[in-house]
Structures are given as structure tokens and as C-alpha cells.
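Please open the model in your viewer and keep the selection tool at hand. The tour moves from one selection to the next and says what is there each time.

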Amino acid sequence: MMPSAYDINTALTAAFVVTQVLWLLSFLIEIYIFRLPTNIVDMTGVDEMPEAAMPPIVVFYPVLDELESTMHTTFRALSQVIYPRDKLRVIAIPNDNDHATIASLERLRAEFSFLEILPIPPTSDHSWDLVWHNWQANDHVYWWHRGPRAGVRDLPPKKTRQLIYAFYRVAEANRGGPDFLVNYIDADSCPQHNHFRAAAMGIQHYDVLQASNIAGNLNDTMAASFHAFDHMTWDGRKYAHFTADGTQPYWMLGKGLYYKASDLLELGGFHPWITIEDPEVGLRLWKNGRRLGFIEEPLIEEVPRTFAHGITQRKRWVAGFFQTLDVPLKELGFTQLERAKAWLLFLPCLSYLIAPIGIPVGIWAMVRLIEGTSPIPTWTMLVSVGNAVAYLISLFILYRTVWERTDAVLERKIDRVRYLLRCNPFNLMVWGLIWVIPIIIGWRMFLHDGGLVWERTVKVNANEQLIMDKSENHTL
């Protein structure tokens, strides 16, 4: 039997009410986040900072099947940073069976003498005993001591495994020496000239540091513009509020971050069984009292040029977020309130799921209102007006931030205007609908324990010209 007009109107009205209430809740979460205080690294006096006050920094560079040209661009950027060379190590950590990447790194080392190469052997190699001994003696490594993978040595072949091996090897070699900062970047990450000095300034006041990120190729394609906008909203507008004077759980952004080696040793390094390592290690550091500081000067990176590659990247993020907010919160001893606050980091992303239903029923409700036949309760219409006003205000603030931040990678104002036009409200609505795809795929990956093999984001050396121009202008 076909549903009656009354049944359809009732269902559409219910959908409108539910979606508007959910959007209201998402805006309230955003208000909560943006009311949190920020702990920004103060760069005052950075040029006068004595070298003696600058800690040793080890930069790990995990790579897999990378273009030699992409790595060359990153090393060119690293060669321009201002930091004592005897206190800065750059260690590439490819898998030992990634022969093409290792050959590229060997050629690049001839040009960039600071580069070290540490191939990562399979976990069956006896040199991994150093890791197993450390984990066995450390109860913070809960995945090693408890759960279905307790004592499992066959770690999944991905970035985290490379970081684990490299970190313990370097820490062991440094035993008895001064504490050093651990930093890692992606194959395409290009630090600006004060990146490491900002860490030296910040670590005097905070235990953990995170730099913002910005895409250098944000006008390459429409897909690149959308992908870059995620960093504008997350890194550029929101992330700094997670510092919150230590009151808000946080996670890391996967690159441009700094840990004290002593903290990583004490707390067990990186969790290998989560798709991405940065959310869980951030929550573990927070739970153990480590304060986070935020570096405003962005790390320049490359975003995917195609929607397919962007979905591949984002589905892994989503899977990692779901995984982190499950068993780890229990193992880390989060209280119910702390769990709720940790979930607040992720819920704004899940709000994209409202749009596929909320937009069409919103259009239906508007048409019925214009016709004068609206069955929608008055209070719900008031909520929808409030949501619309909140959305417009948030867009205004966000576009102002985008205009300011794009100056770091776009010299011409016309290019900055072009980017804003690409990311107009209608296109952002479309992008929000596309985001539903990686959320659903990431949820399925979480349910089926997926994401354990490194599915790398394709890099195409999109920022080479930008980095060359900055180097020539001495602005990197």
C-alpha cells in the first residue's frame, strides 16, 4: 500500500526536526571548542635566542615509494631552516625492501650532506629485540600487555612501524645524553625557516608542540582546493583551542609535531595497531599530564589533486579516529567526562552525515513555508533560523582566517581571491556531501579492523616551484 500524504509529511517533518536539532548541537559543540583558551608559542626574541638554549632535534622522515623530486623539494626546504646543524638530525626511515626509495635517498645524500638513512628491517630481525624489551618493561604499552594482540611482534607494515623502530634505535644510541625532541614529517612536508626555532622556544613552556599545516598547492585543482580547506578549518581555526591550558584532551596532526624523547620512552612510543598514530599518542600524553603548545607558523605540505586520493587519505583518518576513541580511552583510564570531551574532537566531522538528509528536507520545509502549508512546528523553524545565522557567522570568520593564512603560500592577491571563490558556500556544501563517503568507508574499516597496511597518499611534487621561489627570496 502506498504511504499517504499524511505519512509522508509526518516523516519529512520528523526528519526536519531531527536534523535541525542535530545541527544545533553541532554548533553548540563548536561554540564550546572556540571558547577554550589557546596556548600559542610566543616567538618574541626568537632571533636573539642563544644556541645553547636550543635542544637537539631528531627529524624522522618515513617514506614509501616516493618520487625523488618530492623528497628533493623537502630537503631543499630543510636546508634553508635556521638551526644549529650540530643539533639537528634528519633521518630518512624507508623500509629496507623499498629499494627504489633507498636508491633515491642515496643520490639525494650526495647533495644534502645532513641526510641520514636508516632502513627499517622486518620485525623478525633480531634488532627489534630492543623494542620488545622496552615494551615488556613498560605497562603504558597496553597493546603489548593486554588484548587480542598482546605480545604480537608481527607489526603491520606502515608508517608507525618505521617510527617505532627508528625512535628506539636513536633513543638507545643517545642513552645518557641530553634529552632530545622527536619530530617527524611526511615526504612532502616543507618547514619554513623558523620551524625548529619555534620548537626551541615552545618547549621551554610546554611538553608537546604542534605546528599548523597549510597546503602549498591549494589552487591546483578543485579537489586540491577542497582538501586544503580542511586544513584551513581544522589547523587554522580550531586546533589551537585544543591546547586549552591543559583542560581539553587533544590529538596530534601527524606531522610538524614535537615530543620530548624522554616522554615517549616513559609512555611507550607509538601504538602500531591503529590506522594513524597521532590521535592515540596525543590522548596518551594528555592523560599523563603533558601540556600542548601550538606553533602558528605553518608547515607547508601538498594535498591530493584528485577526489579519489583525498578519499583514500580521509577514510584512514576516520578509521583512526574511531579506533582511538574506542579501546584506548578505556585502557588509558579516561573518565566518562574525559571520554565525552575526547569525542568532541571528532563529532564536528561526523556532522557531515546530517547534510544528505538535512539539505533536501530543509528545501522541502522552505517550499512549504512559502506556500503557506508548512506543518513544521514554530520552535523548529526558529531553531533552523538560528542555525542559518550561526552558519553565516562561522563562514565569515572562517573566510577571514583563510584570507590571512593563504598569504603564506600565495603572493598575489588575485590568487587568494581565486581560492576564496573556489571555496564558496555552495561548493563547500558539495564538499561536505563528498565527505560522507570517507566517513562511511572509515566506519567500515573500523568495524573490520582495517587500515593496518600503509596505503600512502600519492605525492606529485606539487610544491617544488613554491619552495624554489621562497628559497630565492630568503623567506622560507
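This is a predicted model: local features need pLDDT of at least 70, side-chain atom pairs count only at pLDDT 80 or more; totals for chains, interfaces and linings use all residues.

Residues are numbered from 1 along each chain as its sequence is written, and side-chain values use heavy atoms, with hydrogens and water left out.

**The cores**

Begin by selecting Phe-60, Trp-135, Phe-167, Met-252, Tyr-259 and Phe-346, which touch the most other members of the largest nonpolar core, a set of 72 residues. A nonpolar core here is a set of buried Ala, Val, Leu, Ile, Met, Phe, Trp, Tyr and Cys residues joined through side-chain atoms within 4.5 Å; buried means under 20% relative accessible area, exposed over 50%, and partly exposed in between, with a 1.4 Å probe and protein chains only. Now select helix 6 (residues 159-173), which gives this core its largest share, eight residues; helices (H or I, at least four residues) and strands (E, at least two) are DSSP runs, numbered from the N terminus.

Next, centre the view on Met-252 and show its contacts (heavy atoms within 4.5 Å). Not counting residues up to four places away in sequence, Met-252 touches a list of residues that includes Val-208, Leu-209, Tyr-239, Tyr-259, Asp-278 and Leu-292. A second, separate core has 37 residues, among them Met-49, Val-63, Leu-115 and Leu-181.

**A patch on the surface**

Select Val-18, Leu-22, Leu-24, Leu-25, Leu-28 and Ile-31, which make a nonpolar surface patch of about 500 Å². Patches are made of residues with over 30% relative accessible area and no salt bridge, where like charges are joined within 9 Å and nonpolar side chains (Val, Leu, Ile, Met, Phe, Trp, Tyr) within 5 Å; accessible areas come from the Shrake-Rupley method with a 1.4 Å probe, and for residues only the protein chains shown count as cover. Ile-31 is found in helix 1 (residues 5-34), and it counts as partly exposed because its relative accessibility is 49%.

**Aromatic pairs**

How many aromatic pairs does the count come to? The count comes to 37 aromatic pairs, where rings of Phe, Tyr and Trp (its six-membered ring) pair if their centres lie within 6.5 Å, and planes under 30 degrees apart count as stacked, over 60 as edge-to-face and the rest as tilted. Select Tyr-61 and Phe-75, a tilted pair at 5.1 Å centre to centre with 55° between the planes. Tyr-61 lies in strand 1 (residues 57-61) and Phe-75 in helix 2 (residues 68-79), so that the pair links distant parts of the chain, 14 residues apart. Both Tyr-61 and Phe-75 are buried.

Then select Phe-307 and Trp-431, another tilted pair, with 6.2 Å centre to centre and 40° between the planes. Because Phe-307 lies in helix 11 (residues 307-324) and Trp-431 in helix 18 (residues 425-447), this pair ties together parts that are 124 residues apart in sequence. Phe-307 is partly exposed, with a relative accessible area of 32%, whereas Trp-431, at 4% relative accessibility, counts as buried.

**Salt bridges**

The whole structure has 26 salt bridges, each a side-chain nitrogen of Lys or Arg within 4 Å of a carboxyl oxygen of Asp or Glu. Select Asp-47 and Arg-197, whose side chains meet in a salt bridge at 3.0 Å, N to O. Asp-47 sits in the loop between helix 1 and strand 1, and Arg-197 in helix 7 (residues 195-202), 150 residues apart. Is Asp-47 buried or exposed? Asp-47 is exposed, with a relative accessible area of 57%, while Arg-197 counts as buried at 8%.

Move on to Glu-301 and Lys-255, which form a salt bridge at 2.5 Å, N to O, and which are both buried.

**Two backbone angles**

Most residues other than glycine have a negative phi. Select Asp-65, in the loop between strand 1 and helix 2, where phi is near 50°, a positive value. Finish at Ala-244, in the loop between helix 8 and strand 6, whose phi is also positive and near 50°; Ala-244 counts as buried, at 1% relative accessibility.
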